[in-house]
Amino acid sequence: MDLSVVLPTLNGRDRLATSLDALAEHAPDAEVVVVNGPSADGTTGMVRERDDVDVLVEISDRNLNVARNAGLEVAGGDVVALLRYDLSVESSWLSALEDGIADADVVTGPMHQTLRNGMTTESLERNAIGGRTVTYFNGGNVAFRREIIDALDGFDEYLQTGGARDAAHRLAGFDRSVAWAPEMCVRREFEADGGISERDWGWKYRSLTYRLVKNYGVRPGTVKRTAKHAISDGVDAALGVVKGDVTPSGWAGTGRDVVGGIATGVSDGLVARARDRTRARNPHGRSKRADRAVARYDWR
């Protein structure tokens, strides 16, 4: 197995350095590709001074899926892993990846997160949608066989959030297997960020409806799933008003963001579904542009 590891990063120099140190210790033979951009914290200089990074790609977009695709373009391995810049692989990560990818098209594992009150971890998530069984994967800790990530044409760059979940839906359309490897562990050592802020609600529902409509069309199941999310979030927000954590005007503004996000996502999802009728369902994929990189440093 020839393994490439792609690490998209944005203004995360110190955490990226910790992640690279762990890769050098636990996966020293892997090809390492860092996609940076547009950082303003000295990331470029730090990476260029290291001898354990094979390729540095600088991009101008602040979109994670653009960064992922830019890394996939230059990665040379027959297995390509995506690793979040602020996660460090553990000692069992590489062997678990190798075992998992031997029998599956995609393998993913948990993130261990150290918090003030202990440590959290994750488990496998799977849903039945539109006649498919969708197995979700951690977009910050996943490895693909080269042929399947090429068949998907990478990630959908329309999406500002939810790119990994969209790829999981499209993988299910190819009827490809996703393995869960509990020992393919990564660790995050700092306090988790807070929940979704008000400015994120519009994109949350825009992403949700876009990927559902793009992959399945407008059908009762997609409407039901969207409504279920909206009702749950609406109840939580209403409880926030009762507790005094959210103002009534803030609640109303969130509702407008949700409605606007749903409308935009449905419209754009229908357009995307019409533009790409193949199983890849990726009209904004890796092959659609060649101008992501503004600079490239290749030491291979």
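Strand S2 (residues 31-36) is largely enclosed by the rest of the structure, because six of its six residues are buried. Buried here means under 20% relative accessible area, while exposed means over 50% and partly exposed covers what lies in between (1.4 Å probe, protein chains only). Strands (E, at least two residues) and helices (H or I, at least four) are DSSP runs, numbered from the N terminus. The cover on S2 takes in both faces: Glu31, Val33 and Val35 sit buried on one side, and Val32, Val34 and Asn36 are buried on the other.

A quick word on what is being looked at: this is a predicted model, where local features need pLDDT of at least 70 and side-chain atom pairs count only at pLDDT 80 or more, though totals for chains, interfaces and linings use all residues. Residues are numbered from 1 along each chain as its sequence is written, and side-chain values use heavy atoms, with hydrogens and water left out. As for pLDDT, that is the predictor's confidence in each residue, from 0 to 100. The protein averages 90 on that scale, and 92% of the residues score at least 70. Residues 192-198 are another story, with pLDDT under 50 throughout. For that stretch the model has eight contacts beyond four places in sequence, a contact being heavy atoms within 4.5 Å.

Back to the strands, where two count as paired if DSSP finds at least two bridges between them. S2 runs parallel to strand S1 (residues 3-9), and six bridges link the two; proline 8, for instance, has valine 35 of S2 as its bridge partner.

Strand S4 (residues 79-83) has five of its five residues buried, so the rest of the structure largely encloses it. Val79, Ala81 and Leu83 point one way, Val80 and Leu82 point the other way, and all are buried. S4 pairs with strand S11 (residues 141-145) too, but in the antiparallel sense, over five bridges. In that pairing, alanine 81 finds its bridge partner in alanine 143 of S11.

Glutamate 98 belongs to helix H4 (residues 93-103) and counts as partly exposed, at 37% relative accessibility.

Strands S9 (residues 126-129) and S10 (residues 132-135) run antiparallel and are joined by four bridges, with isoleucine 129 partnered by arginine 132 of S10. Two residues lie between the strands, and glycine 130 takes a positive phi near 55 degrees in this hairpin.

Among the helices, H6 (residues 163-173) is mostly covered, with nine of its 11 residues buried. The buried ones include Asp166, His169 and Arg170. After H6 comes aspartate 175, which has a positive phi near 60 degrees.

Helix H9 (residues 248-275) holds glycine 261, which is buried at a relative accessible area of 4%. Leaving out residues up to four places away in sequence, glycine 261 touches Gly202, Tyr205, Arg206 and Thr209. Threonine 209 is 52 residues away along the chain from glycine 261, yet their C-alpha atoms are separated by 8.1 Å.
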